[in-house]
Amino acid sequence: MPGYLEVWTSAGVQVVPLEGDRLTLGSADENDLAVPVDRRLSRLHAILERYPAGWCVRDLGSRNGTVVNGRRIWQDRALVDGDEIRAGSSRFVYRAGPAAATAGPPTEGAAAGPALTTRERDVLIHLCRPLLTSQLFTEPASSREIAAALVVTEAAVKQHLLRLYEKFGIDDDGDRRRVRLANEAMARSAVTLADLRAAPGSADGGGRV
């Protein structure tokens, strides 16, 4: 049997073989895996794709997001046997088939985040806070937005960002530096989703910016 998904919904449990190279997931009947009973699923919610090295899952800008093993994903996420995917109110467990490649050496984790001052961490949190929205390709906050949130000058924010670029090893001068910094901060757990939700002015943190 090829790899498959265990699909756990309010209607019960079913097994869906992963036989092709792509599987779309959502509430609309046109999806390869349609779960119309789940009202928290977007019509086209996520996609699973097969690559030579295995399967990946990607959120398609859904309203409520896609979570793998308890963490919301923001980009393609490689799957390993037993990974739990949550989308809407439904639960999907990925099972690799017997033909799956033998595991190689464990992948090294990302380096831990650098030591930060309290203000640098505040700047990072407000830089990354737009990632809490459900919009696809969300840009990090601008220097002006961070300054307004922290009630400091824009010049001060830019100085903190310059130090953060140096600490995270981002040495290019391109327009995408803020994006790279936000990605590095999240990947290295210098900032977590819990931090973003707790920040004043966030959807879950209360207060006003």
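**Close-up views of a predicted model**

View 1. Strands of a sheet are held to one another by backbone hydrogen bonds, in either a parallel or an antiparallel arrangement.

**View 2. The pairing of β1 with β2 and the loop that lies between them.** Strands β1 and β2 are joined by six bridges and pair in the antiparallel sense; within this pairing, Leu 5 stands opposite Val 16 of β2. Ala 11 is found in the loop between β1, residues 4–9, and β2, residues 12–17. Is Ala 11 buried or exposed? Its relative accessible area is 67%, and because exposed residues are those over 50%, Ala 11 counts as exposed. Although Ala 11 and Ser 90 are 79 residues apart along the chain, their C-alpha atoms are separated by 9.9 Å.

**View 3. The five-stranded mixed sheet.** A further open sheet consists of five strands in the order β4-β3-β5-β6-β9, and here the pairing is mixed. Its edge strands are β4, covering residues 33–34, and β9, covering residues 77–78, each of which pairs on one side only. Which residue of β9 is the bridge partner of Cys 56? The partner is Ala 78.

**View 4. The buried and exposed sides of helix α2.** Helix α2 comprises residues 143–150, and its buried residues are Ser 143, Ile 146, Ala 147 and Leu 150. Because these residues cover an arc of only 100° around the axis, they lie on the same side of α2. The face turned away from that buried side carries Arg 144 and Ala 148, both of which are exposed. Among the elements that cover the buried residues of α2 are helix α1, residues 118–128, and helix α3, residues 154–167.

**View 5. The residue that follows helix α2.** Directly in view is Val 151, which follows α2 and has a positive phi, near 55°. For orientation, α2 itself spans residues 143–150, with Leu 150 among its buried residues, whereas α3, one of the elements covering the buried residues of α2, spans residues 154–167.

Conventions
Residues numbered from 1 in each chain as written. Predicted model: local features only at pLDDT ≥ 70, side-chain atom pairs only at ≥ 80, totals over all residues. Heavy atoms only, no water. Pairing = 2+ DSSP bridges. Helix = DSSP H or I, 4+ residues; strand = E, 2+ residues; numbered from the N terminus. Buried < 20%, exposed > 50% of the residue type's maximum accessible area, 1.4 Å probe, protein only. Arc of directions from axis to C-beta. Contact = heavy atoms within 4.5 Å.
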